[in-house]
Every structure is written in C-alpha cells, then in structure tokens.
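Dear colleague,

Please find the structure handed over below. My notes on it follow directly after.

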Amino acid sequence: MARRATTEDGIDLAPLIDHSLLSPMATPEQVAQWCAECDRYQFAAVCIAPCHVRQAVDLLRNSKSKVCTVIGFPTGATTSATKLYEAQEATENGADELDIVINLGWLKVGNTDALHREIATICEETGLLVKAILETAVLSPAEIALAADICMDAGASFLKTSTGWQGGATVEAVRQLDEIAQGRVGIKASGGIGTAAQAVALVQAGATRLGTSRGVDLIHQQQETPTEA
C-alpha cells in the first residue's frame, strides 16, 4: 500500500480518483499497470474501455477498487439499443460502474423524453451505479441544468462533466452541478486534470470523484509536501 498524503486543506485525493485509461490504443499490459496502480494507491476505480472489463475484473478481484467502464464513448451518438447492449455486456463481464455519454443532439433539440428513457432503461436493466457524462464544455448553463435534471430523475448516481474529448472539467461547471444536485447525487469532474492543485480546486467546488489518467502523478505531487490529516 502506498503512503497516503493530504493537501494542506486536508483533502486526500486517492479515494476520489477514477484511474482512467481510455486511449483506443491501450494494451493489456497497460491495463494491468493501471489496475496495479489502482490497487496500490487505493483509488476509487479503474476506468477502462469495455473490451478490457474482464481483464480488469480479474486483476482487481481482491481489491477494494471498483471496475468502471464507458458506454457510448466518446460521442454519445450511438442508438439507445446499442448503448443498452453495451451496458448489459459490461454488467455480465463484471463491471461495477458505468459512465454513459448522453445523446447531446437530443439535448440540443429538446428531445428530453428520449434522453430520459435511454438513461433510465440502462439504470433499471443493469442495476449498476451510473455516471451520466454531460459534456459541459459544449453546453450552455441552461443546457447543463436541463441535462442534469433529466439524468438525476432517470436514476443516475453521478453527474460527470466531460469525456475529455470536447474539453475538460472546470471549477465553474462543477460548482453549477453541485448547486443543482444539492447532495442528491455525486459529481465527477473529468478531463484535463493534470495537477494536484487543479484536483483540489475541483473538489472544493463540489466534485466527489475525479476522472484522470494522471492519478499517480497527483498522488506523488501530494507526497512531496504531505500534511498530517
């Protein structure tokens, strides 16, 4: 187990991190590395593509860390049937959590019923913890609020800012989601988190999970100037 460290604000980042490996070129060797790091640093979860779920489940079988995968990633524009099948297959393969990209086109034209039905069906059919990816960087504040309300009502357990492909998390977006959620669901900030200072600012704004491929770097930065909790 790695030595734990906190910031001078007393924030321990490790249990908040979804250790992400979502490159389409990720190899089984890299998945093994990410899972080993996830277990060593006691991250919340490893977040990998659906094709790697079985491997990650096997590697983390005796770990407290969860296995998370992405659905409809990165565009969210696949059909609802495709997303449901992908989610069900991930469930059968042992995934614990699903990060689902919402259909942004439906949101833009006000097709709220379809958007709600898609998320609700996956929540109901899989029974897993669902994080709805809103892609806040390409939405107006009004669209963020609408998407957040729909996803919470549909049963999502987290509102997630971004895939990282259309822009990353910002303090402003996290703060808005936190104000909307009012503690009813978690907030996952994801995309472009490369320093411990960024991570801490997002947590202070309301994030309860952090999606980043640089989780180990963040912990090392904390350990350079550790503060007793």
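I begin with E143, which counts as buried because its relative accessibility is 19%; buried means under 20% relative accessible area, exposed over 50% and partly exposed in between, with a 1.4 Å probe and protein chains only. Please note that this is a predicted model, in which local features need pLDDT of at least 70 and side-chain atom pairs count only at pLDDT 80 or more, while totals for chains, interfaces and linings use all residues. Residues are numbered from 1 along each chain as its sequence is written, and side-chain values use heavy atoms, with hydrogens and water left out.

Salt bridges

Side chains of opposite charge can pair when their charged atoms come close. The side chain of E143 meets that of K108 in a salt bridge, at 3.0 Å from N to O; the term requires a side-chain nitrogen of Lys or Arg within 4 Å of a carboxyl oxygen of Asp or Glu. This pair links distant parts of the chain, with E143 in helix α6 and K108 in helix α4 (residues 104-109), 35 residues apart. Helices (H or I, at least four residues) and strands (E, at least two) are DSSP runs, numbered from the N terminus. K108 counts as partly exposed because its relative accessibility is 45%.

How many salt bridges does a search of the whole structure find? The number is twelve. One of them joins K188 to D18, with the closest N and O atoms 2.8 Å apart. It too links distant parts of the chain: K188 belongs to strand β7 (residues 186-190) and D18 to strand β1 (residues 17-21), 170 residues apart. Both K188 and D18 are buried.

A further salt bridge is formed by the side chains of D217 and R214, at 3.1 Å from N to O. D217 is partly exposed at 33% relative accessibility, and R214 is partly exposed with a relative accessible area of 39%. Through shared partners, salt bridges also join D18, E97, D99, K131, K160, K188 and R209 into one network.

Helix packing

Two packed helices are described by the angle between their axes and the distance between the axes. Helix α6 (residues 141-154) and helix α7 (residues 171-181) have axes that come within 10 Å and cross at roughly 45°. Axes here are lines fitted to C-alpha atoms, for helices over the stretch in contact, and angles run from 0 to 180 degrees between N-to-C directions.

On the α6 side, P141, I144, A145, A148, D149 and M152 meet Q176, L177, I180 and A181 of α7, where contact means heavy atoms within 4.5 Å. By class, this contact has eight nonpolar, one polar and one charged residues. Ala, Val, Leu, Ile, Met, Phe, Trp, Tyr, Cys and Pro count as nonpolar, Asp, Glu, Lys and Arg as charged, and the others, Gly among them, as polar.

Helix α5 (residues 112-126) also packs against α6, their axes coming within 8 Å and crossing at roughly 40°. The two are therefore oblique to each other, and the crossing is right-handed. T112, L115, H116, I119, A120 and C123 of α5 make the contact with L146, I150, C151, D153 and A154 of α6. These residues divide into eight nonpolar, two polar and one charged.

In helix α8 (residues 196-205), the residues A196, A199, V200, L202, V203 and A205 are buried. Their cover includes α7, β7, β8 (209-212) and α9 (215-224).

Backbone and loops

Most residues other than glycine have a negative phi, and most peptide bonds are trans. The peptide bond from F73 to P74 is cis, with omega near 0°, and P74 lies in the loop between β3 and α3. E135, in the loop between β5 (129-133) and α6, has a positive phi near 60° and is buried, with a relative accessible area of 1%. Q182, in the loop between α7 and β7, has a positive phi near 50° and is exposed, with a relative accessible area of 60%.

With kind regards

Notes
Parallel < 35°, antiparallel > 145°, perpendicular 65-115°, else oblique. Left-handed = near helix turned anticlockwise from the far one by under 90°.
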